[in-house]
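Hi there,

Here is the structure I promised to pass on. My notes follow below it, so please have it open while you read.

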Amino acid sequence: MNNESRRPPPMTHPSYQQPPYQHQPFQPPRPPVSPQPPVHPPGQHGPPQYSQPGPRQLGQPLAHPSMQQRLSPQPGPFPNQHQPLPQQRSPLLPAGQPRPPQPQQRPMMPPASSGALPPPPGHPLPVAPQPAPQVATNPGPPPVTGHPASLVAPMQSMSLRAPSPQHTQQPTPQQLPPQHAFPPQQQQQQPPQSAQPPAVPQPLQPPNPKHGRSKRVYAVDPQVTNASTRPEAGGPTPPWPHGLNPPQQAAPPLSRSPVMSSIQGNKQPAMNIPGSPQQPLPADMRPPQQPRPRIDPDQMPAPVQVREQDQLAFENQFFGTMERDRVPLATTDYIGLDQGNSNPRYLRATTDKLPVSKDLADTSKLPLALVVQPLAKRRSDEVALQVVNHGDEGPVRCSRCRAYISPWCSFIQGGSRFVCSICSHANDVPNWYFSNTDMSGRRVDIDQRPELRYGSVEFDVPQDYHSSRAPAPLSYVFAIDVSAQALQSGMVKAACEAIKSTLFSATSDPKLAPENRVGILTFDKSVHFYNLHPSLPQALMLVVSDIEDMFIPIQDGFLVDTHASKDIILELLDSIPTMFQGSARPESAFLAAVQGGKQALALTGGHLHVFQSTMPNHGPHALKPRDDKTLYNTEKEKSLMVPQDEAYKDLAKECVKDGVCVNTWLFPAQYIDVATLAVLPELTGGDVRFYPNFNFTADATIVQHQLDHDVHRELGYDGVLRIRCSDGLQVIDHYGNCHMSTYTDMELAGIDEDKAMAAVLKHDSKLDPNRNVAFQCALLYTTKAGQRRVRVHNLNLTATSDIAEVFRHGDVDTTISVLLRKAIFDLQHKNRKEVHQKLTDLCVEILTAYRVNCASSTSPGQLILPEAFKLLPVYVHGAIRSKALRGVGNDMNTDARSAGMRLFNGLDVKELAWTIYPRLFELHTMSKECGEMGVNGYIELPTMIRTSYGRLNTSGVYLLDSGSDVYIWLGSKVDGKVLASLFGVDRLDQVDPNMTTMPVLHSELSHQVHAIMDKLKSQRSRYLQLHVIRQELDPLEFTFSTCMTEDRNAEVQTYVDFMCVLHRKIQEEMKKLQH
Ligand SMILES: [Zn+2]
């Protein structure tokens, strides 16, 4: 209301520095926390010294009461005397505060992994061949050569030069002196190209911390910029011998199937059978040969080092959420300590220092946005979210903007009024909520009020917050396509087994609570409902053949408790796979089945899982095949990315209204039209699980694990999410798997721990740099157990008029997540090449903006990247070659792309970063500690290496996590001892490439690898299927090669070349600006 009653300047939260806390030294339960974090001199950053001295004392957060919470969690019984709130409005609905119009609805999408194709023969990359480039001479300050990791003082330069003749003769991995000994040896992994010019002694520790104060200068000779990646004749042998020049390439399987069944060009490679004579693969079956880079790739910033440094920085210390100087990367595993701001795993911003005005934001070119993952899984050693109950009145809220009470609200007039952190309105404190305040304005009861201490809390809410349904424990309906194709592929059996193992343990104990009910239906040309009432001797099937007028033929007994009806359910699931064998029909009425499931759940809301094998080909709104390959990579391709029938969208909206979340499980043998079918999960907050070329033997386990995860993860339904922000900013766009019913509310028929949504912000007016900018994300939803709750996440940031600050506090992970979602949205309206171009241009604009505004005095020949955004190019490069944006063609059809688009649209920031730049580990050199429990109570992972074939050693063993698969790559010269300790065999040709689990052996290496894989699986939302690949022997190596994201593919040049292109464009932009 009035400014003087507003909150004091940034980040001085009253509860934060209060005396009582400072007298309570925190004794950390486990990891050794240095009582006084070392303070480093300004401008210097080293891993252990990340905590920067700031206005607040870093040592203090540990003494914060929330840490005591950690030790002795307090449940939250709270007094509720009753004094009606000024007005009780319907939850989350707008109250006053008109918002400018926005696009009514954002169709969104989500699954897949990335891939690539080698260029066809005779189509060299679009880079002009040039004479061997001169060594770049940097006219600026003397270049510091060395590892990019070495930190340089501000504006020192690194020379990123063309390799001199010596450089070009760097030994390939094969020629390197053996640096590995098996089994694991204690040795820090070094990049294979160790024959660098004598480098400045390199601290093993990484380069700059994320928000370092120094700029990295990448000097690129303009000549080099244009030169680039011709394969060099006479150069050292690349890891792929035989000079492969992969032509019209054998395509990898449609996506993740280990069997290459969709190969073009009459090549149908047989799978290698262990023990059978091995033939090396024909040249065109092998991964593309990678040209020898003319610029040392080691000079390019890589996520590998940046992620590891960030991890190191947070290894043994907590991240206090008020410490905004350095927010952990999304990929970092840290322990968050909620001090009033919510943990970044729930809410992240593209920059932690907001540009003060629209002009400044426009100048920086950075997208201004938040990514919220409201139900994100917390670490088990973090304080659990407190549940607050304010009684029948519901949570205390601002009467003007309806924001929830938060640690950022201040109390005035002796505690009788509170000032809203969002709109600054001074509200009366309800009598029952009144408490006196102390001299500093802090409530004396604050220790008993989690909502005034923590950035994230959950409120139990009364009846006013119910939707049109009374909240009920979550019900699940499983709908299984039993058409001929589904039966034949083994999908029906896989689905039934997956449902069985999801609902019941191995000893047949129900895994769901008795109040969660389950229903099962099957469908072909008609829909079959099953009465599972416990009083029946066995399940009773009721068939609805009039699918145009769907109804539920069972009054009581369709949705049942898995405890009472256990035997009936188990028996039914055992018999479904054989029940229809004799009467299999080709028709599949998908839409009718969804309608049936929706009707069954209409009273309560719930989750519907539909298992579908063919394109819906029966009944109203049957789909027509439209996958016209002549449209691929043309202007008209985008028409294949939008639903062909609006009825699917309409049904999705009805599901949203009924609080029914639809998850589609697709197992197509041919085109199934994911673009149309995925509209249902997209608008209802569900998932598209996509298993092309389903093969029971290989894939049944994946479905089992995935369904188990999807059903048992933390989830809710019937949700509405709104993000409020303080004056001066507004949310203008939302991206995610949801339905936008109004401009401000994301309707989430289903919401789970894996889903993240993005909200794009815009300035309304100038922000006050002396005031915090407050964000509040409120999710009203029904939990699995049937409680109606509001989960609130608060984030307060500061604004700045210094553009360098905006860049310094940027968050590249969140930024790429937002850019990619925008690109995916554009794909429905724009040509894919235009989208690629737009993404690249955006990257250039951001880097140019930095260059012009923050580093204008540097030499034009130098490529200068903002420290916090130095990974932007590699992520944009990865995004362009990801499944969502990649061209469809030999190895991908529009289905795979549609699935990829939907996956990326819902993926959280961490998984997105790991998917567009996968984690690749070197197993043969890992230390003994890897795979063991570290001091922080977590399994230690080996050192990561960069994703390029040039980094793989033919005698090495590597593990790659692509997000949907985990590959173990065995070099052709791998040591027999390693094979023995991992697989129990001596020779490479004895290793079974079809294995889906690693043998458990009594060797240290085997133990380590199992522990590492378990850890990776625990970090992913999709089940990681194991594939073992023997170099030059297994066709799947091609798919593996598509995960080598620094290499080129058919459309995208190598990372190094991409960087050169960016550099050239930045120079052009700067020239334009000068004129
Ligand atoms: Zn307000």
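Before the first finding, a word on terms: axes are lines fitted to C-alpha atoms, for helices over the stretch in contact, and angles run from 0 to 180 degrees between N-to-C directions. Helices (H or I, at least four residues) and strands (E, at least two) are DSSP runs, numbered from the N terminus.

Please keep in mind that this is a predicted model, in which local features need pLDDT of at least 70 and side-chain atom pairs count only at pLDDT 80 or more, while totals for chains, interfaces and linings use all residues. Residues are numbered from 1 along each chain as its sequence is written, and side-chain values use heavy atoms, with hydrogens and water left out.

**A helix pair**

Two packed helices are described by the angle between their axes and the distance between the axes. For helix H9 (residues 491-503) and helix H10 (residues 566-579), the angle is about 165° and the axes are 8 Å apart. H9 and H10 are therefore roughly antiparallel (the word is used for angles over 145 degrees). On the H9 side, Val492, Lys493, Cys496, Ile499, Lys500 and Leu503 meet Ile569, Leu570, Leu573, Asp574, Ile576 and Pro577 of H10; contact means heavy atoms within 4.5 Å. Sorted by class, this contact has 9 nonpolar, no polar and 3 charged residues. Here Ala, Val, Leu, Ile, Met, Phe, Trp, Tyr, Cys and Pro count as nonpolar, Asp, Glu, Lys and Arg as charged, and the others, Gly among them, as polar.

**Two open sheets**

Strands are said to pair if DSSP finds at least two bridges between them. Strand S32 (residues 965-970) runs parallel to S33, joined by 6 bridges, and Tyr967 has His1027 in S33 as its bridge partner.

Another open sheet has 4 strands in the order S5-S7-S25-S22, with antiparallel pairing. Its edge strands, S5 (347-349) and S22 (729-735), each pair on one side only. The twist averages 25° from one strand to the next. Strand S7 (residues 369-372) and strand S25 (residues 757-763) run antiparallel and are joined by 4 bridges, with Val372 opposite Met757 in S25.

**A buried strand**

How many residues of strand S27 (residues 788-800) are buried? The count is 13 of the 13, so S27 is largely enclosed by the rest of the structure (buried means under 20% relative accessible area, with a 1.4 Å probe and protein chains only). In a regular strand the side chains alternate between the two faces of the sheet. In S27, the residues pointing one way include Val790 and Asn794, and those pointing the other way include His793 and Leu797.

S27 has these pairings:
- Strand S6 (residues 353-355) runs parallel to S27 over 3 bridges, and Lys353 stands opposite Thr798.
- Strand S12 (residues 456-460) pairs antiparallel with S27 over 5 bridges, and Val457 stands opposite Val792.
- Strand S26 (residues 772-783) pairs antiparallel with S27 over 11 bridges, and Gln776 has Asn794 as its bridge partner.

S26 and S27 form a hairpin with 4 residues between them, and Gly786 in the turn has a positive phi of about 95°.

Best wishes

Notes. Angles under 35 degrees count as roughly parallel, over 145 as roughly antiparallel, 65 to 115 as roughly perpendicular and the rest as oblique. Buried means under 20% relative accessible area, exposed over 50%, partly exposed in between (1.4 Å probe, protein chains only).
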